[in-house]
Amino acid sequence: MSQILTNFRLILVSPQTSGNVGSCARAAANFGITDIHVTDPRCDIWDEQAKMFGKGPARDTLLAMKKTASLAESLADCTHALAFTRRIGDKSPAEVQFSELANWIAGVLSQGIVDEHTNTRAHEHSTTEAKDFHKQRNTDDERRNQRIALIFGREDRCLFADEMELCTHFCLIPVDPKMPTLNLSHAVAVVLSRLYTDWLEQGLIDTKETYKPVGTKNILSSVGAQHAAPAIDGHGTPCPYIQDPHLTPCSISEFEGLVGHLREIMVQVGLTQAGNPDRMLLRLRRSLQRATLTQQDVSVWRGLLARIVQKVPGNS
């Protein structure tokens, strides 16, 4: 399996029909994705209908799917959570444009790549050197720290508000407004096909396939981590990448631990809006998500918060 494919987890949230699950397994098998979680399914994901749609090599992909009780459980060891949904609003996470999807992923996977001999970035090398450099350094070290979740919601109600809170980014798939929604398995196929095509062009897929799309930029060699298009939040603010190769992005579970710690303190000090701390907490959550926290950042924040808790009357 190509190393880049191991950085992705496909997550299906509460699918309702087993046929869709089988079709998603087939789409994932088409494009080399094997890490698939099915969160709180509303159907038997391994019934005969699922197997009928997940035929051939897709059968192994289907049977290897992991069932989880919640989206939080599936995201625990991920560093980025990208939701494909039309459920958006002023409280949504940072948006990644579909046309810039490959650029954004290149930025995430290339963040902090430094040549230990010349201390230069990958985009400063020639095309051939950049590919060799990228495979040698990023595949072995930094890229292993990244796990990007590609999240697809329910067939009828997409993702709920509390599930969107867990997502670090969202993306809209461009479609005709007369029919603004895609079938679940179709959406999965569209996204994975788009990514796989770019990875073929970049030479990041181990395949004998001779097809090469025409006119697509070699993103990792010509753009690089610093020049990859950043995600944009709801107010047009670029979301930064981690550029230091010695820093490790925090996982979703580590981030949620920090958010829980913040909520605990907000309740203790009475920092709530109309008695509800979650309104303000959502704003704080989005602010911290835009900062792209590292494990070290989370440790510093939690150390600070623990000290504050000690100073709250009654806790000493």
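Select Phe-84 to begin: at 8% relative accessibility, Phe-84 counts as buried (buried is under 20% relative accessible area, exposed over 50%, partly exposed in between, with a 1.4 Å probe and protein chains only). The model is predicted, so local features need pLDDT of at least 70 and side-chain atom pairs count only at pLDDT 80 or more, whereas totals for chains, interfaces and linings use all residues. Residues are numbered from 1 along each chain as its sequence is written, and side-chain values use heavy atoms, with hydrogens and water left out.

The ring centres of Phe-84 and Phe-152 are 5.0 Å apart with planes at 10°, so the pair is stacked. For such pairs, rings of Phe, Tyr and Trp (its six-membered ring) have centres within 6.5 Å; planes under 30 degrees apart count as stacked, over 60 as edge-to-face and the rest as tilted. Phe-84 belongs to strand β4 (residues 80-84) and Phe-152 to strand β6 (residues 148-152), so that the pair links parts of the chain 68 residues apart. Helices (H or I, at least four residues) and strands (E, at least two) are DSSP runs, numbered from the N terminus.

The count of aromatic pairs is three. Next, select Phe-8 and Trp-199, a tilted pair at 5.0 Å centre to centre with 45° between the planes. Because Phe-8 lies in strand β1 (residues 8-13) and Trp-199 in helix α8 (residues 184-202), the pair ties together parts 191 residues apart in sequence. Phe-8 is buried at a relative accessible area of 0%, and Trp-199 is buried at 4%.

The axes of the two helices come within 10 Å and cross at roughly 65°; axes are lines fitted to C-alpha atoms, for helices over the stretch in contact, and angles run from 0 to 180 degrees between N-to-C directions.

Which residues make the contact? Leu-101, Ala-102 and Ile-105 of α5 meet Val-191, Leu-195 and Asp-198 of α8, where contact means heavy atoms within 4.5 Å. Colour α5 by accessibility: 10 of its 10 residues are buried, among them Asn-103, Trp-104 and Ser-110.

Finally, select Arg-154 and Phe-160. Arg-154 lies over the face of Phe-160, at 3.7 Å from the ring centre; the criterion is NZ of Lys or CZ of Arg within 6 Å of the ring centre and within 35 degrees of the ring normal.
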